[in-house]
Amino acid sequence: MTSILTSIIVIFLLAITGVYISWRAGRLDRLHARLDSARFALDAALVRRSSVALELASSGLLDPATSVLLAGAAHDARAAQTGRELPESDLTRALRAVFSQPEFRSAMSGLEGGQELLAELEGAAHQVFLARKFYNDAVAATQAARRRWLARALRLAGSAPRPEFFEIDDSMVPPGDGQEADIPHLTG
């Protein structure tokens with residue numbers, strides 16, 4: 001009788017352990033899928049922002065020097081395949097330089113299509129900010145799950161590459177402006 005009871009307990013414990021390991025593996029898989037989705041959304045937001053910046057640069061609403069500066073930064077950001085953080089940060093700095101020019105907003109509001117283009121660019125910059133936050137949150141959750149002892153011991157992550165944070169300068173408010181906001185805005 002005791003050998004049957006012992007066998008039932010062992011089988012029960014093995015079943016519970018198997019279910020837990022399966023749950024952990026499934027969770028890690030879902031986190032990697034969430035990470036991929038967040039990366040695609042971030043890439044789309046970055047492409048949209050550079051497209052709108054190129055549209056602004058080629059619109060004829062800016063002076064030639066500013067247009068060249070902005071177009072160069074937008075092109076570099078769009079062309080970067082690896083190491084995108086630096087070109088994307090350079091685009092943010094170029095946008096910040098354009099928008100920090102004296103009387104820029106008032107000059108743009110007087111031009112036809114200027115306000116709409118500025119609103120679209122602000123929306124694109126806001127989308128980059130949000131997409132980067134969601135992506136970095138997904139990276140943090142995935143890294144935490146991969147650091148657990150069971151995931152490391154059983155190699156539950158498989159051959160999936162270790163996710164890395166995407167850190168760029170995405171604040172449209174110039175530093176030291178006294179406006180330290182979480183959400184970037186082109187307006188000051």
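This is a predicted model: local features need pLDDT of at least 70, side-chain atom pairs count only at pLDDT 80 or more; totals for chains, interfaces and linings use all residues.
User: Why is Arg-155 called exposed?
Analyst: Exposed takes over 50% relative accessible area. Arg-155 has 60%, so it counts as exposed.

User: How do you know that the span of helix H3 agrees with its number of residues?
Analyst: Take 1.5 Å times one less than the number of residues. For the 15 residues of H3 (residues 85-99) that gives 21 Å, and the end C-alpha atoms are 21 Å apart, so the two agree.

User: Which residues of H3 are buried, and what covers them?
Analyst: The buried ones include Pro-87, Leu-91, Leu-95, Val-98 and Phe-99. Among the elements covering the buried residues of H3 are helix H1 (2-57), helix H2 (64-79), helix H4 (104-109) and helix H5 (114-147).

User: What makes a set of residues a nonpolar core?
Analyst: The members are buried nonpolar residues joined through side-chain atoms within 4.5 Å. The largest such core has 23 residues, and Leu-56, Leu-70, Leu-91, Leu-95 and Phe-99 touch the most other members. H1, H2, H3, H4 and H5 each supply at least two of its residues. Another core, of 12 residues, lies apart from it and includes Val-128, Tyr-135, Phe-166 and Ile-168.

User: What does Leu-56 touch?
Analyst: Leaving out residues up to four places away in sequence, Leu-56 touches Leu-62, Leu-70, Phe-99, Met-108, Leu-117 and Leu-121.

User: Why is the contact between Glu-88 and Arg-84 called a salt bridge?
Analyst: The cut-off is 4 Å from a Lys or Arg side-chain nitrogen to an Asp or Glu carboxyl oxygen. The closest N and O atoms of Glu-88 and Arg-84 are 3.4 Å apart, so the pair meets the definition.

User: Are those two buried or exposed?
Analyst: Buried means under 20%. Glu-88 is at 0%, so it is buried, and Arg-84 is at 11%, so it is buried as well.

User: What makes Glu-167 and Arg-132 a pair that ties parts together?
Analyst: Their side chains meet in a salt bridge, 3.2 Å from N to O. Glu-167 is in the segment after H6 and Arg-132 in helix H5, so the pair links parts 35 residues apart in sequence. Arg-132, at 8%, counts as buried, while Glu-167, at 48%, is partly exposed.

User: How many salt bridges does the whole structure have?
Analyst: There are 10. Another of them joins Arg-162 and Glu-164, with the closest N and O atoms 3.4 Å apart. Through shared partners, salt bridges also join Arg-39, Asp-43, Arg-49, Arg-84 and Glu-88 into one network.

Technical notes. Residues are numbered from 1 along each chain as its sequence is written. Side-chain values use heavy atoms; hydrogens and water are left out. Helices (H or I, at least four residues) and strands (E, at least two) are DSSP runs, numbered from the N terminus. Buried means under 20% relative accessible area, exposed over 50%, partly exposed in between (1.4 Å probe, protein chains only). Contact means heavy atoms within 4.5 Å.
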